[in-house]
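Keep the structure open as you read.

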Amino acid sequence: MKPLETVRWGILGCGDVCERKSGPPMYLTGHSQLAAVMRRDAAKAADFARRHGVGKVYTDVGALLADPGIDIIYVATPHALHCAQTIRALEAGKDVYVEKPMAMTHAECLGMLAAAERCGRRIFVAYYRRALPYFRKVRKLLEHGAIGTPLCVEVRYLRPPAPGDSDPQQRPWRLQRDVGGDGYFYDMAPHTLDILDFLLGEIAEARGCKANRAGLYEVADTVCASWRFASGAVGTGTWCFAAPSGCREDSVRIVGSRGEIRFSTFAFTPVECSTPEGVARFEIAPPEHIQGPLIETIVAELRGEGRCPSTGVSAARTSRAMDRIMAEEIK
């Protein structure tokens, strides 16, 4: 495909995630322009456009996709819509940047990849941690052999229920199975699984069990998993979204043949590298607009100047691991 001079974005679903995380980088990045936004609520779409200096506002998906002044569509809608809307955008001749998880299932991801191949377009996925300096520091430590050969990984993510979780009138769409998948795991865990793919390579095998222990809603609130990387390293993970008040943990521990690295997925606690020589700590704060570094790589790729590290191919691997982990349920 011919490199672009200026990358012109259209947002499909300009909701909360677009306010700071993703929207501003689309017009703050050099050679990048946020050309249009779409939302079914006309007043909210117009308000977003006014505050972010966007020239075009749509309330219809088809009208947005038909706009010849847009090069790439950012699909920022609930999980259940990702597959159909991505394929529709690809068939309209647009490249796509889709929120995570890429789709509800690995099978849907494969359908999206097939559509991209058929249409000659590209899919990028919002696993933005792959481009953040914090996680790139962990990767550099691993690549330089700081802890020797990685042997195993331990993931723990625990938090109490959110205020609206038990109230059907306030319950977020992420807890509605047909819209968001099987609970908060589908929203939070893929970030960790994907960054482990980035740091340690493909997860070749995975299994798990899920349960609803608190009974606040119908989908899973507790998940345990184990997996094996293609390299031979193994991992375990526990995610609990029904922990008691005050019980919070967000930790990842990679143990190697001569040391270990500790970090977090969401809290950006200092990266700690422990070896026989001592403990090194690295404090690396996230950027103001957290998707900015990844969006910069997308703009660079579309301009023929670089490569984005988060593609449909890599994101599909994460969805495959999720499918396998969530295949069983504790009764």
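Cys119 is partly exposed, with a relative accessible area of 27%. Here buried means under 20% relative accessible area, exposed means over 50%, and partly exposed lies in between (1.4 Å probe, protein chains only). Cys119 takes part in no disulfide; its nearest cysteine sulfur belongs to Cys83, 13 Å away. A disulfide is a pair of cysteine sulfur atoms within 2.5 Å. Cys308 is in no disulfide either, and the sulfur of Cys109, its nearest, is 15 Å away. Cys308 is buried, at a relative accessible area of 6%. Across the whole structure, the search finds zero disulfides.

A word on the basis. This is a predicted model, in which local features need pLDDT of at least 70, side-chain atom pairs count only at pLDDT 80 or more, and totals for chains, interfaces and linings use all residues. Residues are numbered from 1 along each chain as its sequence is written, and side-chain values use heavy atoms, with hydrogens and water left out.

Now turn to helix H5 (106-119). Helices (H or I, at least four residues) and strands (E, at least two) are DSSP runs, numbered from the N terminus. H5 has 14 residues and reaches 20 Å from first C-alpha to last, close to the 20 Å expected at 1.5 Å a residue. That expected span is 1.5 Å times one less than the number of residues. Buried in H5 are His106, Cys109, Met112, Ala115 and Ala116. An α-helix has 3.6 residues a turn, so residues three or four places apart point the same way. The buried residues of H5 pack against H4, strand S5 (95-98), S6 and H10; contact means heavy atoms within 4.5 Å. After H5 comes Gly120, with a positive phi near 70°.

On a 1 Å grid over the protein atoms alone, a pocket is an open set of points where a 1.4 Å probe fits, with protein on both sides within 12 Å along at least five of seven lines; lining residues have an atom within 4 Å of a point. The second largest pocket holds about 160 Å³. A volume is the space filled by probe spheres set on the points, which are joined across faces, edges and corners. H5 gives the most to this lining, with three residues. Strand S6 (123-125) and helix H10 (312-325) each supply at least two.

The largest pocket has a volume of about 920 Å³. Its lining has 32 residues, with Val17, Ala76, Thr77, Trp173 and Arg174 nearest the centre.
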